[in-house]
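User: Could you walk me through reading the features of a protein model, one at a time? I'd like the general idea, then the case at hand.

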Amino acid sequence: MSLQVILLLMDFAWRMMPGAILWLFLSLSCLLPFTKSQTKIPLETVKSWADTFGGEIYSIVTKYSGSLLLQKKYKDVEPTLKIKEVDGSELVKKFSEEMESMLRRKVEAVERLVEAAEDADLNHEFNSSLVFDYYHSLLINEKDENDNYVELGNEFILEPNEHFNNLLVNTTYSDVQLPTNVYNKDPAILNGVYMSEALNPIFVDNFQRDPTLTWQYFGSSTGFFRLYPGIKWMPDENGVISFDCRNRGWYIQAATSPKDIVIVVDVSGSMKGLRMTIAKHTIITILDTLGENDFVNIIAYNDYVHYIEPCFKGILVQADRDNREHFKQLVDELHAKGVGIVNKAVLESFKILREFREAGQGGLCNQAIMLITDGAVEDYESVFEKYNWPDRKVRVFTYLIGREVTFAENVKWIACNNKGYYTQISTLADVQENVMEYLHVLSRPMVINHDHDIIWTEAYMDSALFASQAQSLLLMTTVAMPVFSKKNETRSHGILLGVVGSDVPLRELLKLAPRYKLGVHGYAFLNTNNGYILSHPDLRPLYKEGKKLKPKPNYNSVDLSEVEWEDQDEILRTAMINGETGYLAMDVKVPVDKGKRVLFLTNDYFFTDISDTPFSLGVVLSRGHGEYILLGNTSVEEGLHDLLQPDLTLANEWIYCITDIDPDHRKLSQLEAMIRFLTGEEPDLECDEELVQEVLFDAVVTAPMEAYWTALVLNASDETEQGVETAFLGTRAGLMRRILYVGSEKLSNRKFLTPADKESIFTMDHFPLWYRRAAEHPPGSFIYSVASEEGSEGGDKPDVVTVSTSVAVTVEGKTALAAAVGVQMKLELLQRKFWMSMQQCGGVDGVCPLSCQDDNLNCFLVDNNGFILVSKASTETGKFFGEVDGSVMTQLLNMGMFRQMTMYDYQAMCKVPYHHHSGAQPLLSPIYIFLAAVKWLINDFLMFLLEFTICGFWHSENLADAKAVFHHSHKQKKHDTLQPCDTEYPVFVYETTIKETNGLIECRDCQKMFVVQQIAKSNLLLVVTNAACDCSTYPPVLLEAKEVKYNASVKCDRMRSQKLRRRPDTCHAFHPEENAQDCGGAAEISASLTLLLLAPVTIALLLR
């Protein structure tokens, strides 16, 4: 439609009537094309902003970090340097030999204890009337109201000792601990404690021979525990000492060979009430005696046979912590009903054990059936004739539940005719001692043969010894050996006296694989014969519940394939489990900064076994700079001078000099020890001379940095640059220098570069995060990092930026990293410089046609993982850019400027909502609640009183033990709990080859323009977007971790899967000389007449 026509129509409308004008205008506006006013973002303006800001911030960080000076100083000494290629195969061989030697010393200490204990027993004659005072760990230093020491509680000098985590200990004597349910003056206890006094001088001598030894102990088969050095034990909140050495993994593994166990439990109607409670507790106690070398399943029977975990039908599963805990949950849900028919259950058990034995699966050693019932009346002899006689390859242990003795002979016959053991359990307090009897039977063949097998446990975190000391949670392994009776008259009985052991903190092993030899990203790790991680820098054994750190339920059954998860075909895992020596290369994605960022590395894995142990060692070196080690040379005099500068520190977790042997050296820091070594003050100190030489060289090369930084502090005058708070550097030898540009009281982040912020310092596990990230960025280009929103302390917004760059040297075509240097500045300084730069324009008289301050523009400073450093909205700092603007992030992903990587976490903890057992019960009337309480009192509590023996009930220690068990079983958690799970989560990475990009996004009725420009010599991007166009139809791009949900079939397949494992080398299943007739007998149980008389009266009162 032409303009003339439009004018004629308007003139006509004006003549006709004024009201028609509005109608005509609206009609014509519909005919004209619609366009919403858009702001065009000039590309050259954005580039100008990026260049201005990049130049300004680069000038600040190079000036205050001194990076150019440090690069020059290393460049100046390049002609004197050597770069040596690291031979990973030689390195792993050397480390494994040193570890083997160290572990051998621990074995020798244990062997001396075994010999002393067996000789002491041989020369001791049991005295039933023995009177003997000893140091009881619970009673030592306790006084009565008359200020006299209580019995068994004499004065026991305790002093703090750094070698034992500063606990109060006595290094000249051991003391004795007993569980609450073990009587401390029982003749068997007194004789055992008296005999084991002979171990005291051996404990002390062992510690003097090898000052790296930690706890040494003897766990008796009667229940007492002799510990060196002596400590004072404290009861738990219930006043109970629940620690029983016979329950510990080291005791059970040393006392028995690997075992395949089928637990068969009677759930017929007669098992209701206390009997079922005792049966459940018995099953749980048996499960607690199993370890990762054992295999297990549980069958329940009444009218029919069913597996309590249907997924495990017809198989045995490894008794690792995961499976044991899973079984315990299922046991808690068992209910009694129907009629018990034991034959089918026993038959099913024999079939499983036979199939596994013939298929070469399971433990391939001991096999046993644990029958838990309150009676057996069928003709079961035919089952044993067909499946177990005459060889009796499967032992049968029977547990008669309750006080009824009618079926005692039947149940005992089953055990005695199948090389097992029979016990009767009538109270909860009886469970522990009676379950332990089966271990004595399984240990007989080994005892008769006098085979002292050396066992090493999986990693564990034993806080039981020091319940009140959170810092004592420590990953360790234990070396243990069984102690036997050598007396000829008891040879066929195969009497196990106990087990001796010593703890080996895994940190002590890793000290033999020095960090400086492994490079920035390198590490060493250990795994067991079952493929479980013993030690790995990515192993996370703790989780946070509220403000409290707790061990994860499965912390010591994390498989190697769950940490090195990119070993998809399990080539590495298979080779290491088989004890092979070899090499493997893998491209890996390494999560850092709590999984928010990722490093792309090619790693070389070198591995071998550690002789005479079930462990394998792996050493990982990253390709490129990780393959080389830098060697410099300088005089001791020159290096020592620069080592004494006040701004210099060393990685205190690294071993420059051995300070934990001589007590006089334990108070020295590594820097102090090195200085004393170099000055000749402590000629006895043993130091790593190669590492000391590297430190001296680095001290000389980096010394000018102190004068440079000091001059900046003295000449500070530029108000615009106020905000740079700290300059720092670190070298590959663990040397660090630091200077403050502000007073310490003004620091925004006081934890930085201190042990309170492990990620920022050199540790045994890793180089600092700022060093690791700079290493994967071109030298001279800076990495800027701000804490993500979730990572900032206390949920506060991040207020500091850490900036770092690497310093490399090249000799004969080989490039090695020498150091990293950087600054930490206030975020406010970065923001101020950013907004000033966004207002400038070159070539237009310094005035821009548009500015980032305009309402119709949004400007962001984003790092290479998509986290926002600067935004108009301060609340967006630290957030992921995709959460703030999903439309632009989606487009950048589509264009390839960012890549999304999927990462996996197989050590995650996920929330499980709390579900009440019955959602309807709270709706019922108060009468129901009252009747339910009465029913519980009658059925459970009163029956508990009736069936608990009178002496056991009135014995305060047994009462306390029962109280603890009862309290635990009835405790309910009414909040969401955390449980182990697998998660997947995205990580976003900038593609550095794309320097700039721009585009238009179609959003409803508008087009949104965006421009992205790289900031030179940094990991930063300037993102400018049109703020006027609403693109909220695009969903945000989130960083959420999602639980990997497995359907029932896949979950079952995963649970049933039998991963490759290497069985222990020895097996002791049977011995022709063992006395199979020693198969148990009914315990004498006396009913409480008082309780029986009180019962009708109590019931009448309750029902009135």
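User: What does the relative accessibility of Lys 758 make it count as?

Analyst: The scale runs from buried (under 20% relative accessible area) through partly exposed to exposed (over 50%), using a 1.4 Å probe and protein chains only. Lys 758 comes out at 40%, so it counts as partly exposed. Bear in mind that this is a predicted model, where local features need pLDDT of at least 70 and side-chain atom pairs pLDDT 80 or more, while totals for chains, interfaces and linings use all residues. Numbering starts from 1 along each chain as its sequence is written, and side-chain values use heavy atoms, without hydrogens or water.

User: Which side chain does Lys 758 meet in a salt bridge?

Analyst: Side chains of opposite charge can pair when their charged atoms come close. The cut-off here is a side-chain nitrogen of Lys or Arg within 4 Å of a carboxyl oxygen of Asp or Glu. Lys 758 meets Glu 653, at 2.5 Å from N to O. That pair links distant parts of the chain, 105 residues apart: Lys 758 sits in the loop between β28 (735-740) and α21 (769-775), and Glu 653 in the loop between β26 (648-650) and α19 (670-679). Those element names are DSSP runs numbered from the N terminus, with helices being H or I of at least four residues and strands E of at least two.

User: How many salt bridges does the structure hold?

Analyst: There are 47. One of them joins Arg 246 and Glu 433, whose closest N and O atoms are 2.5 Å apart. Arg 246 is in the loop between β6 and α8 while Glu 433 is in helix α14 (residues 431-449), so this pair ties together parts 187 residues apart in sequence. Arg 246 is buried at 1% relative accessibility, whereas Glu 433 is partly exposed at 31%.

User: What does Asp 885 pair with in a salt bridge?

Analyst: Its partner is Lys 1008, at 2.7 Å from N to O. Asp 885 lies in the loop between α23 (881-884) and α24 (886-895), and Lys 1008 belongs to strand β37 (residues 1006-1014), so parts 123 residues apart get tied together. Asp 885 is buried at 8%, and Lys 1008 is buried at 7%. Salt bridges can also join up: Arg 104, Glu 108 and Glu 111 are linked in a network of them.

User: Last one: how many helices and strands does the chain have?

Analyst: It has 29 helices and 39 strands. Of its 1104 residues, 53% count as buried. For contacts (heavy atoms within 4.5 Å) between residues at least 6 apart in sequence, 73% join residues at least 24 apart.
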